[in-house]
Amino acid sequence: MNAWVPAVLAFVAVAFGIVALALLVEGVRAGLRRRDLNRRLEKALSELQEQTLAERDLVDTARRRTREAEALALQVPFVAGTLALMRQARLGWSPTTFLLLVVGFAIAGGFFALALRLPLFIAVFVALFVGGLPYVYASYRRRAILRKFEELLPEAIDYLSRAIRAGHPLASGFQMIGEELADPLGEEFRLMFDQQRFGVPFEEALLGLCDRIELVDVRIFATSIIVQREVGGANFAEVLDNMAETVRARFAIRREIKVYTAQGRLSGMVVGTMPVLVGLGLYLQDPEYVRILFEHPVGRIMAMTGVFLQVIGFLWIRRIVNVEI
């Protein structure tokens, strides 16, 4: 038990140091953004007074190079995926900050395990587990936001249907939804309305909503609106009413499926966590009894085989209970 005190202190020290460094990076980024914005505003004001053709060409070249650099960065899978995850989780972290948090928490977890004098194999496992906590947190926030958006979507469709029956255009309906409904749905519709007001094409604003909110129901909603605007035909208010009922039915079915598969999901959690907790408990009670599993060659093979089979079993159970509709 005496080893727990330095282990916890080492973990807390490294974790707080990494968080402080990440906050420093974000503060520097915010300061640089403010300074860049001030410079751009000052430059825009000076250009309004006098701006030659050569200066316009220089500004256009700089903007084009900036867009090319951003497009090149987005082609990297980690950068593009991290930016999408941070945007959907409403975190505002940069890929650099996210990577810093992942590496920092992994180092803190490794120091924690080594301070407890755990074998290197377990220390690596603990480091990987702790290093994945920022991703788990971001994924949890994204799922919570998508779940809340999904719950409010039928009500938003009803609002839009009533607005159309009252004679309002679609843009006014989006504005009403953004003002009346709670976030995150209201925030997304306010953003979509502001984009249209500032000149973004209607279809592009709808597709941007689909990119930010990765739900099948949102894509069905956007596709039906785009098709109705291009083709016309049936009463659009009735189409929206049917769509709202369909979304509600799909949401109810998904909840029922979660109830029916709760036992399977709990089994997957038990399969994934119980061997680790039991092994850690045995090691804390009698380290010599468990250490042979990681020091003897046959024991290492058995440990790696066990971890591999545990992962296969967890993923198998998860695939069985993950029913998509």
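Mentor: A residue is called buried under 20% relative accessible area, exposed over 50%, and partly exposed in between (1.4 Å probe, protein chains only). This is a predicted model in which local features need pLDDT of at least 70, side-chain atom pairs count only at pLDDT 80 or more, and totals for chains, interfaces and linings use all residues. Residues are numbered from 1 along each chain as its sequence is written, and side-chain values use heavy atoms, with hydrogens and water left out.

Trainee: Is Asp-217 buried or exposed?

Mentor: Asp-217 is buried, at a relative accessible area of 3%.

Trainee: Which side chain does Asp-217 meet in a salt bridge?

Mentor: Its partner is Arg-254, at 3.2 Å from N to O; a salt bridge is a side-chain nitrogen of Lys or Arg within 4 Å of a carboxyl oxygen of Asp or Glu. Arg-254 lies in helix H11 and Asp-217 in helix H10 (residues 216-231), 37 residues apart. Helices (H or I, at least four residues) are DSSP runs, numbered from the N terminus.

Trainee: How many salt bridges are there by this rule?

Mentor: The count is 13. One of them joins Glu-151 and Arg-255, at 3.2 Å from N to O. Glu-151 is in helix H6 (residues 133-165) and Arg-255 in helix H11 (residues 236-260), so this pair ties together parts 104 residues apart in sequence.

Trainee: What is the accessibility of those two?

Mentor: Glu-151 is partly exposed at 34%, and Arg-255 is partly exposed at 47%.

Trainee: Which residue forms a salt bridge with Asp-241?

Mentor: That is Arg-165, with the closest N and O atoms 2.6 Å apart. Asp-241 belongs to helix H11 and Arg-165 to helix H6, 76 residues apart.

Technical notes. Helix = DSSP H or I, 4+ residues; strand = E, 2+ residues; numbered from the N terminus.
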